[in-house]
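Student: I would like to learn how to read a protein model with some care. Could we take it one feature at a time?

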Amino acid sequence: MNIGLTYDLRDDHRAEGLTEYQVAEFDRIETIDRLDAALRAHGHVVDRIGHAKSLVQRLASGDRWDLVFNIAEGRFGYGREALVPALLEAYEIPVTFSDSLVSAVTLHKATTKRVLRDSGIATTDFALISELTELEQVTMPYPVFAKPVAEGSSKGVGLTSRASNAEELATIVGDLLERFHQPVLVEPYLSGREFTVGILGTDREARAIGALEVCLRASAEPGIYTYANKEDCETHVDYVLKSDSLAQEACRVALDAWRAIGARDGGRVDLRADGKGTLHVIEVNPLPGMHPEHSDLPILATQAGISFVELVGAVLESAARRIVLEPERCTS
């Protein structure tokens, strides 16, 4: 197949003046090089397209591909992760990972929680705060946890995210509203174990490949999987593949969430237990990071005995099955 590769490269956005913090969700060149090599290892021709604006130019000039392998995060709005899938859907070009609807729904964590709650999937209560006057909506007991509603890579998550009282919560919410210009999600603080579950496949063919426990080292910021811990995970975090009863339950709940939200091909579901050991879905990640050594899904796959080339192949295989089943090769 002729496979296009869409992505947001950190270097491209740095060149436009973005800071290191602002490019945290974007990809390093080594990720693109390794993806390119993995796709070629499966016998495909690879065309590096780049970000959404490059894709628009290529589509307008008449370029087409048999399939696009998409890891583009986008920069603006709640639809930023949905933009590339939506463009490709308009041109009836198949794309890996989730469609535009799921990509938009899952970026907005409050909307995700509403879908999960309606589907009977365990997730915490929450309040969505757009301005400080709405803090009266927070009726859950303290401590609570606050984060931007539509960020990834733990952006906006730090030691101050945990609030023990209304005064602390007002301070952190005010800071997040000013820094991120989007509503703040407030949830009960979950004090138990944290897992990320890797998923491969679509709908009934989807399977959990394992539950990776996030174990913070002594050097880490304590108790919270913060941006600083995640960005320097090689120093501060141990990712341990677990198979005990809670890990098995995490796989079951994650798979239910994956199917309920309609995610495709591959990704992750993050869960954390409360003080009683009950697991709650934190978020669904249908557009996973794909750095072979730094991103959670490839780390999990490697520990589960799945090489990076095999992981990419599994995503391609899932997409290929969908393309055969979908009329007129449409991804919607």
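Student: Which side chain meets that of Arg-80 in a salt bridge?

Tutor: Before we look, note that this is a predicted model, in which local features need pLDDT of at least 70 and side-chain atom pairs count only at pLDDT 80 or more, while totals for chains, interfaces and linings use all residues. Residues are numbered from 1 along each chain as its sequence is written, and side-chain values use heavy atoms, with hydrogens and water left out. In general, side chains of opposite charge can pair when their charged atoms come close. A salt bridge here is a side-chain nitrogen of Lys or Arg within 4 Å of a carboxyl oxygen of Asp or Glu. The partner of Arg-80 is Glu-73, with 3.8 Å from N to O.

Student: Are Arg-80 and Glu-73 buried or exposed?

Tutor: Buried means under 20% relative accessible area, exposed means over 50%, and partly exposed lies in between, using a 1.4 Å probe and protein chains only. Arg-80 is buried because its relative accessibility is 9%, and Glu-73, at 8%, is buried too.

Student: Which parts does the salt bridge between Arg-193 and Asp-244 tie together?

Tutor: The closest N and O atoms of Arg-193 and Asp-244 are 2.9 Å apart. Arg-193 sits in the loop between strand 7 and strand 8, and Asp-244 in the loop between strand 10 and helix 10, so the pair links parts that are 51 residues apart in sequence. Helices (H or I, at least four residues) and strands (E, at least two) are DSSP runs, numbered from the N terminus. Arg-193 is partly exposed at 27%, and Asp-244 is partly exposed at 28%.

Student: How many salt bridges does the rule give?

Tutor: The count comes to 28. One of them joins Arg-268 and Asp-270, at 3.1 Å from N to O. Salt bridges that share partners also join Asp-33, Asp-36, Arg-40 and Arg-48 into one network.

Student: In what order do the strands of the open sheet lie?

Tutor: Two strands pair if DSSP finds at least two bridges between them. Here 3 strands form an open sheet in the order 2-1-3, with parallel pairing. Strand 2 (45–50) and strand 3 (67–70) are the edge strands, each pairing on one side only. Strand 1, residues 2–6, pairs with strand 3 over 4 bridges, and Leu-5 stands opposite Phe-69 in strand 3.
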